[in-house]
Amino acid sequence: MASLRIERDGHILRVTLAKPERRNAFDAALIAELTEAFADVGDARAVLLEGDGPSFCAGADVEWQRASIDLSYEENVADAMRLFRMLEAIDACPAPVVCCVHGYALGGGSGLVACADVAVAWPDAMFGFTEVRLGIIPAVISPFVLPKIGASARRYFVTGERFDAIAALRIGLVSEVSEDAGERAESILRDILAGGPIAVREAKRLVRERPDGEATTHIAAARRTSDEGQDGLRAFLERRPPGWLETS
């Protein structure tokens, strides 16, 4: 893949935006490659998403935007749908996605961050939903951003202002800010790998689907009676590592 670097590191899939000369900005190729990368992560137990060069993702590529000016309404719908499918693939990835953010994460770059389960930012990270400055709006990324930042969108969507990592932490776009975000991301990945592989995926699905009432009792019973659940509970009582740690 020309715009991505994908590496399997044990149980971790490392996906790196690899267009540093363009600040990893979106174009049709990068959108297609990200969609493909997250459509099937196999048996990876966690995915790390980060960017090469001075920025995580500076939004839409200028040349891609220039080409979009002459698209018809129907072509714009198709173009937007490709972006939505990419974001949806990341958001719905069965394995937890950890994002490490530095430099610019603007427009669609902030949308990418919103799709991660855990986002760690370096102090220099700069965010923004800057679309209104171009006379457009962050419509396609909104289904993923709004659950993260809630009412704060009323300010940041309409002002288009840029905001720093501390503000992103305050509104919930990122999980934490660290002077060594890379190591914090690695620590979070280790925490994910400490959990049962199936349980971790099911826990992510639980958060996304939010079942209620009787459905949750059946989910809990299924996990407790599963091979993994039985092993984990017995390992705790017997003060031994569960099987998934012994085989890691």
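The largest cavity is lined by Ala-28, Ile-31, Trp-64, Asp-79 and Arg-82. A cavity here is a set of points, on a 1 Å grid over the protein atoms alone, where a 1.4 Å probe fits but cannot get out; lining residues have an atom within 4 Å of a point. This is a predicted model, in which local features need pLDDT of at least 70, side-chain atom pairs count only at pLDDT 80 or more, and totals for chains, interfaces and linings use all residues. Residues are numbered from 1 along each chain as its sequence is written, and side-chain values use heavy atoms, with hydrogens and water left out.

The largest cavity holds about 30 Å³ of space. Volume means the space filled by probe spheres set on the grid points, which are joined across faces, edges and corners. The structure holds one cavity of 30 Å³ or more. Helix H1 (28–39) and H3 each give at least two residues to the lining of the largest cavity. Helices (H or I, at least four residues) and strands (E, at least two) are DSSP runs, numbered from the N terminus. By class, this lining has three nonpolar, no polar and two charged residues. Ala, Val, Leu, Ile, Met, Phe, Trp, Tyr, Cys and Pro count as nonpolar; Asp, Glu, Lys and Arg count as charged; the others, Gly among them, count as polar.

Now the pockets. A pocket is an open set of grid points with protein on both sides within 12 Å along at least five of seven lines. The largest pocket has about 900 Å³ of space. It is lined by 26 residues, and Ala-60, Trp-64, Gln-65, Glu-131 and Ile-136 are the closest to its centre. Helix H2 (62–68), helix H3 (73–91) and strand E5 (104–106) are the elements that give two or more residues to this lining. The lining of the largest pocket divides into 16 nonpolar, seven polar and three charged residues.

Of its 18 lining residues, Asp-91, Asp-117, Lys-148, Val-207 and Arg-208 lie nearest its centre. Helix H4 (108–115), helix H5 (142–149) and helix H9 (197–209) each supply at least two residues of this lining. H9 gives the largest share, five residues. The lining of the second largest pocket has 12 nonpolar, no polar and six charged residues.

E5 also belongs to a sheet. This open sheet has three strands in the order E5-E7-E8, with mixed pairing. E5 and strand E8 (162–164) stand at the edges with a single partner strand each, so one side of each has no neighbour in the sheet. Strands count as paired if DSSP finds at least two bridges between them. Neighbouring strands of this sheet are turned by 25° against each other on average, direction ignored. Axes are lines fitted to C-alpha atoms, for helices over the stretch in contact, and angles run from 0 to 180 degrees between N-to-C directions. E5 pairs with strand E7 (residues 126–128) in the parallel sense over three bridges. Here Leu-106 stands opposite Gly-128 in E7. H4 lies across E5 and E7, and runs at about 90° to E5. Contact means heavy atoms within 4.5 Å.

Strand E1 (residues 4–9) and E2 run antiparallel, joined by six bridges. Ile-6 has Val-15 in E2 as its bridge partner. Their hairpin has two residues between the strands, and Gly-10 takes a positive phi near 65° there. Strand E2 (residues 12–17) is mostly covered, with six of its six residues buried. Buried means under 20% relative accessible area, with a 1.4 Å probe and protein chains only; exposed is over 50%, and partly exposed lies in between. In a regular strand the side chains alternate between the two faces of the sheet. Ile-12, Arg-14 and Thr-16 point one way from E2, while Leu-13, Val-15 and Leu-17 point the other way.

E2 pairs onward with E3 in the parallel sense, over six bridges. Thr-16 stands opposite Glu-50 in E3. Strand E3 (residues 46–51) is then joined to E4 by three bridges, again parallel. Val-47 stands opposite Val-97 in E4.

Strand E4 (residues 97–101) is mostly covered too: five of its five residues are buried. Val-97, Cys-99 and Val-101 point one way, and Val-98 and Cys-100 the other. Four bridges join E4 to strand E6 (residues 118–121), and the two run parallel. In E6, Val-120 is the bridge partner of Cys-100.
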